[in-house]
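Q: Can we walk through this model? I'd like to begin with the ring pairs.

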Amino acid sequence: MKKFLLAVSALFLVSAVFAQNMVRVSDAKNVPMVKKTITGRETNVPENVTPMMRTTSRSYIGTTFYDLQTNGSMAPKMYAHNDGTISAVWTTNATTSASRGTGYNYFNGTNWVNDASSTDRIETARSGWGTMTCVGNAEIVASHNGTTALLINICPQKGTNNWTQTTLQGPAVSNGSSTSTCLLWPQIASSGNIVHLIACTESDAGYLYQGIQTCLVYYRGTFDQHHFLGESSRCG
């Protein structure tokens, strides 16, 4: 299999100074214009306003042999914190499918702290398509194991790589011998201390939810640094 090195085009150092004085669009026609040299050429810019200059650099943050990163839908993979740090995840594996899981790295404001050549996963078991959100300084990663529940991994303090794993079971089946459906392909987001998660139920026609195959379900709950989804709701 082809080996991929994941790269992040780091947009830290993005802005030199955006503006010393903010100018409303409606007032733009009244702003004095001056000649300034930008990257070797002269242009007209508003007086007392410094043009934004962009500088980008590239850093390798992780390694994977797994080609199918999105499975048709890109989940949230990076989280930029207000203090300039960044949490990042992706689907990683070594040369075998059994080692598949969620790769992780953290930018501490100066460096990415984990070895970019590592194929280590967050989860304790084979999983896929991890999706990330953060609440305060806590990181939350949801992924599926492909057979039963979603795996929810929580790191109470970002960047420490100290993960605790729990499971989120799917809703009860409406037919078949299984007690609950499998949950697949999660997407996760947060607003304040409220966490939102959507996923698909079992794609096997033998295990339906409310008579529907591959049904989209929604969960919502509060987060208190160690627990997720104290409350939950589902809709078919």
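A: Terms first: rings of Phe, Tyr and Trp (its six-membered ring) pair if their centres lie within 6.5 Å, and planes under 30 degrees apart count as stacked, over 60 as edge-to-face and the rest as tilted. This is a predicted model, where local features need pLDDT of at least 70, side-chain atom pairs count only at pLDDT 80 or more, and totals for chains, interfaces and linings use all residues. Residues are numbered from 1 along each chain as its sequence is written, and side-chain values use heavy atoms, leaving out hydrogens and water.

Q: How many aromatic pairs does the structure hold?
A: It holds 3 aromatic pairs. In one of them, the ring centres of Tyr 104 and Trp 163 are 5.2 Å apart with the planes at 85°, so that pair is edge-to-face.

Q: Where do Tyr 104 and Trp 163 lie?
A: Tyr 104 lies in strand β7 (residues 101–107) and Trp 163 in the loop between β10 and β11 (164–168), so the pair ties together parts 59 residues apart in sequence. Strands (E, at least two residues) and helices (H or I, at least four) are DSSP runs, numbered from the N terminus.

Q: Is Tyr 104 buried or exposed?
A: Tyr 104 is buried, at a relative accessible area of 7%. Buried means under 20% relative accessible area, exposed over 50%, partly exposed in between (1.4 Å probe, protein chains only). Trp 163 is also buried, at 15%.

Q: What about Phe 107 and Trp 112?
A: They form a tilted pair, 5.5 Å centre to centre with 50° between the planes. Phe 107 is buried at 4% relative accessibility, and Trp 112 is buried at 12%.

Q: New topic. How many helices and strands?
A: The chain has 0 helices and 14 strands.

Q: Which residues touch the most other members of the largest nonpolar core?
A: Of its 18 residues, these are Ile 140, Leu 150, Ile 152, Leu 168, Leu 183, Leu 197 and Phe 223. Such a core is a set of buried Ala, Val, Leu, Ile, Met, Phe, Trp, Tyr and Cys residues joined through side-chain atoms within 4.5 Å. The strands β9, β10, β12, β13 and β14 each supply at least two of its residues. A second, separate core of 8 residues includes Tyr 104, Ile 122, Met 132 and Cys 155.

Q: How do β12 and β13 pair?
A: They are antiparallel over 7 bridges; two strands pair if DSSP finds at least two bridges between them. Leu 183 stands opposite Thr 201 in β13. The two strands form a hairpin with 2 residues between them, and Gly 192 in the turn has a positive phi of about 65°.
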